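Subject: Structure handover

Hello,

Please find the structure below. My notes on what was found in it follow.

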Amino acid sequence: MNRTLIIMLKEPHPGRVKTRLGRDIGMTAAAWWFRHQAGRLLQRLDDPRWQILLAVSPDAEGLRSRVWPAGLPRLAQGRGDLGERMARMLRQVQHGPACLIGADIPAVNRAHVARAFRRLGDHDAVFGPAPDGGFWLIGLKHPRRQPPGFFRNVRWSTSTALADSRATLPDHRIATCDTLSDVDNADDLNMTLAGPRAS
């Protein structure tokens with residue numbers, strides 16, 4: 001079965017990526033952290049069980065960027081809020097299930113991704129919860145068959161983001177997988193340096 005892992009990436013320019021983290025540690029340091037974190041993540045998640053697809057932003061710059069591995073296919077995220085862009089990227093997958101993640105999850109590994117894909121064997125969707133009420137992973141068994149209103153009216157960057165997102169998938173059998181943390185601010189980064197949080 002074809003499986004696709006979509007990874008959302010922004011060009012690592014100071015002041016344009018991880019700005020909440022940048023307010024705590026400086027914009028240059030935050031961009032440096034994201035670039036190296038994303039690079040390690042791409043290497044760590046390389047696996048023959050799925051194809052990695054990079055969803056890049058800004059569109060034109062991301063498509064020609066030399067920061068990310070040249071051998072990985074890329075798609076421009078396009079316009080819209082986070083939900084619109086994620087839904088658009090999932091719709092691009094022609095065959096098989098797809099999972100989508102961000103690049104700022106230090107603890108994620110191949111086993112986490114494999115478990116998420118396995119949950120799609122008998123579920124229509126899977127979420128990887130985050131401790132703050134958001135999520136680090138969304139997966140769809142049939143990513144081109146999205147219900148009307150998918151990811152609409154989600155309160156992003158709030159403690160209700162996961163609950164809001166689940167509500168946009170009515171009549172779907174929804175599973176959850178591992179709980180992992182992303183890095184949004186200095187407290188998150190310090191927790192990461194102290195050791196990965198997963199459950």
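The largest pocket holds about 1,100 Å³ of space. This is a predicted model, and the values here were computed from it.

The lining of the largest pocket is made up of 40 residues, and those nearest its centre are Lys18, Leu82, Asp104, Asp182 and Asp184. Strand S1, helix H1 (19-25), helix H4 (82-91), strand S4, strand S6 and helix H7 (186-194) each give two or more residues to that lining. The most comes from S6, which gives 4 residues. By class, the lining of the largest pocket has 19 nonpolar, 13 charged and 8 polar residues.

The second largest pocket has a volume of about 200 Å³. It is lined by 14 residues, with Glu84, Ala87, Arg91, Phe150 and Arg152 closest to its centre. Its lining divides into 5 charged, 5 nonpolar and 4 polar residues.

The other item is helix H5, which covers residues 110-119. Its buried residues are His112, Val113, Ala114, Ala116 and Phe117. Among the elements that cover these buried residues are strands S1 (4-10), S4 (98-102), S5 (125-129) and S6 (135-140).

Which residue caps the N-terminal end of H5? That residue is Asn109, with a side-chain oxygen 3.0 Å from the backbone nitrogen of Ala111.

Regards

Definitions and conventions
Residues are numbered from 1 along each chain as its sequence is written. This is a predicted model: local features need pLDDT of at least 70, side-chain atom pairs count only at pLDDT 80 or more; totals for chains, interfaces and linings use all residues. Side-chain values use heavy atoms; hydrogens and water are left out. Buried means under 20% relative accessible area, exposed over 50%, partly exposed in between (1.4 Å probe, protein chains only). Contact means heavy atoms within 4.5 Å. A polar contact is a pair of N or O atoms within 3.5 Å; within protein, one must be able to donate a hydrogen and the other to accept it, and residues adjacent in sequence count only if both atoms are side-chain atoms. On a 1 Å grid over the protein atoms alone, a cavity is a set of points where a 1.4 Å probe fits but cannot get out, and a pocket is an open set with protein on both sides within 12 Å along at least five of seven lines; lining residues have an atom within 4 Å of a point. Grid points are joined across faces, edges and corners, and a volume is the space filled by probe spheres set on the points. Ala, Val, Leu, Ile, Met, Phe, Trp, Tyr, Cys and Pro count as nonpolar, Asp, Glu, Lys and Arg as charged, and the others, Gly among them, as polar.
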